[in-house]
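Keep the sequence and the 3D view open side by side. The paragraphs below are meant to be read against both.

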Amino acid sequence: MSTANETIEREDRNSSQEQTATAATSVEPPHAVAAANVDTPAQVPRGRGTVGILCAVALVAVIAWGLHVRAASEASVTQATQAAAVLSVNVVHPVEGSKADDLALPGSVQAFTDTPIYSRTNGYLKKWYFDIGAHVHKGDLLAEIETPEIDQQLDQSRAELERMQANADLAGVTSNRWQALLAKHAVSQQEADQTRANYIAAQAAVDASRANVRRLEQLQSYERIIAPFDGVITARNTDIGDLIDAGSGSSNPRELFHMDATHKLRVYVAVPEVYSDSIHDGDSAMLTQDSNPDKKIPGTIVRNANAIDHATRTLNVEVDVDNAKGVLRPGAYVFAHFQLPAIGNTVTIPSNALLFRAEGLRVGVVRGDRVELVPVTIGHDFGNSVEITSGLTVADEVILDPSDSLAGGEQVQPQAVPARGRS
């Protein structure tokens, strides 16, 4: 109770003091009030002064930070504006060499030996042993022919040879006897010479009959069709029971088989006259074909015609290819790649890097951060790229898709383009 009473009394006292101060304020002049405030500074609470100072410091800090942020933003905008004012260009480095160094020309593949096989005797086909696609070796029996007429003629010729041989033996004995009688002067020289001549004639008849037997035996051996070399049967144009005509010069010859030697192939290429001086015997060549473009087959230039064809103005060149693995087939269409000697320090650039100006052909090159318009000379035009024979090196940075307003000395910002992104 005493505490509550003390609190009430304190509140009444404070209220009375406030009323007194209010009354004094209304009565006393302003300068008296100011003097009273100055004379009694200790009456201001200490906590309120500290808070005011802190607020003032915070306000100054906020203002300073705002000014700093604004200045930084203005600097960033200025820098971005200056950067945007510099032209950004895509650049690439020229590629050393040229596609013109690789001359690709179509070629026709032929077997090293390509032979039709005919019969050398008349008869009927008795049997064949190999069909198309078969790999055969020299001396293999391909087919047999029945030749009854040749067999009969051979038997007759052999009998005739025996008769001739018997006559020659008799003539020899007679001649020897007459020579003995001539030594005894029992016969004349004329008669002895006559018997001697008869013996020589009989010997000649024997030789002729023996030659005829050998001829018929040779014809009889043609009953067996033999492979003349190692190769592949590419055609079989006969069958069992077919009538076979001898020789290939008849009006309607029958080609029994066709053989190709494929272990080594010839590729004939027509080289344009402008490149003929760059082709030399012994140089290497590389073959490709559309059916397997990633496969490269090495070959060697073995000979050329040493003459330009009047109709096509080309040089016929033969490239030999080792085909032991059977990669190529006779009759295939291939491309022969010849490596031509490089012409000076040539480079290749994309076609969209060229500038056509009144003063001539130019290429924009970045050196430092400035543009330099360099005059160039084109060697070959490959469509999406061009060969440059002078004016550029592989170290230059060439501008892609330059604008028509691009000027020398202009400041630019180069950006390298990867190889797959080049035009």
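What follows goes through sheets, a helix pair and several single residues.

This is a predicted model, in which local features need pLDDT of at least 70 and side-chain atom pairs count only at pLDDT 80 or more, while totals for chains, interfaces and linings use all residues. Residues are numbered from 1 along each chain as its sequence is written, and side-chain values use heavy atoms, with hydrogens and water left out.

Some terms come first. Helices (H or I, at least four residues) and strands (E, at least two) are DSSP runs, numbered from the N terminus. Two strands are said to pair if DSSP finds at least two bridges between them.

Moving across from strand 7, three bridges connect it in the antiparallel sense to strand 6 (residues 141–146). There, Leu141 is opposite Ile226 of strand 7. The next pair is strand 4 with strand 6, antiparallel over four bridges, and Leu125 faces Ile145 of strand 6 across it. The last pair is strand 4 with strand 9, antiparallel over two bridges. In that pair Gly123 stands opposite Ile244 of strand 9. In a regular strand, side chains alternate between the two faces of the sheet.

The loop between strand 3 (102–117) and strand 4 (123–128) holds Ser119. Is Ser119 buried or exposed? Its relative accessibility is 1%, so Ser119 counts as buried. The cut-offs are these: buried means under 20% relative accessible area, exposed over 50%, and partly exposed in between, with a 1.4 Å probe and protein chains only. The side chain of Ser119 also reaches the backbone oxygen of Thr121, at 2.6 Å. A polar contact is a pair of N or O atoms within 3.5 Å; within protein, one must be able to donate a hydrogen and the other to accept it, and residues adjacent in sequence count only if both atoms are side-chain atoms.

The helix pair is next. Helix 4 (residues 148–183) packs with helix 5 (residues 189–221) at an angle of about 160 degrees, and their axes are 7 Å apart. This makes helix 4 roughly antiparallel to helix 5. Axes are lines fitted to C-alpha atoms, for helices over the stretch in contact, and angles run from 0 to 180 degrees between N-to-C directions. Angles under 35 degrees count as roughly parallel, over 145 as roughly antiparallel, 65 to 115 as roughly perpendicular and the rest as oblique. The contact of helix 4 with helix 5 has 16 nonpolar, 15 polar and seven charged residues. In this classing, Ala, Val, Leu, Ile, Met, Phe, Trp, Tyr, Cys and Pro are nonpolar, Asp, Glu, Lys and Arg are charged, and the others, Gly among them, are polar.

Strand 8 can be followed through two pairings. Strand 5 (residues 135–136) pairs with strand 8 (residues 231–236) in the antiparallel sense over two bridges, with Val136 opposite Gly231 of strand 8. Strand 8 is also joined to strand 10 by four bridges, again antiparallel, and here Ala235 is opposite His258 of strand 10. Further along strand 10 (residues 257–272) is Leu265, which is buried, with a relative accessible area of 0%. The C-alpha atoms of Leu265 and Asp320 are separated by 5.8 Å, although the two residues are 55 apart along the chain.

Another open sheet of four strands has the order 2-15-20-19, with antiparallel pairing. Strand 2 (95–96) and strand 19 are its edge strands, and each pairs on one side only. Strand 2 is joined to strand 15 (residues 347–350) by two bridges, and the partner of Val95 in strand 15 is Thr348. Strands 19 and 20 form a hairpin with three residues between them, and Gly383 in the turn has a positive phi of about 95 degrees.

Two residues other than glycine also have positive phi. Asn306, at about 55 degrees, is in strand 12 (residues 292–308) and counts as exposed at 68% relative accessibility. Arg313, with phi near 55 degrees, lies in the loop between strand 12 and strand 13 (314–322) and is partly exposed, with a relative accessible area of 46%.
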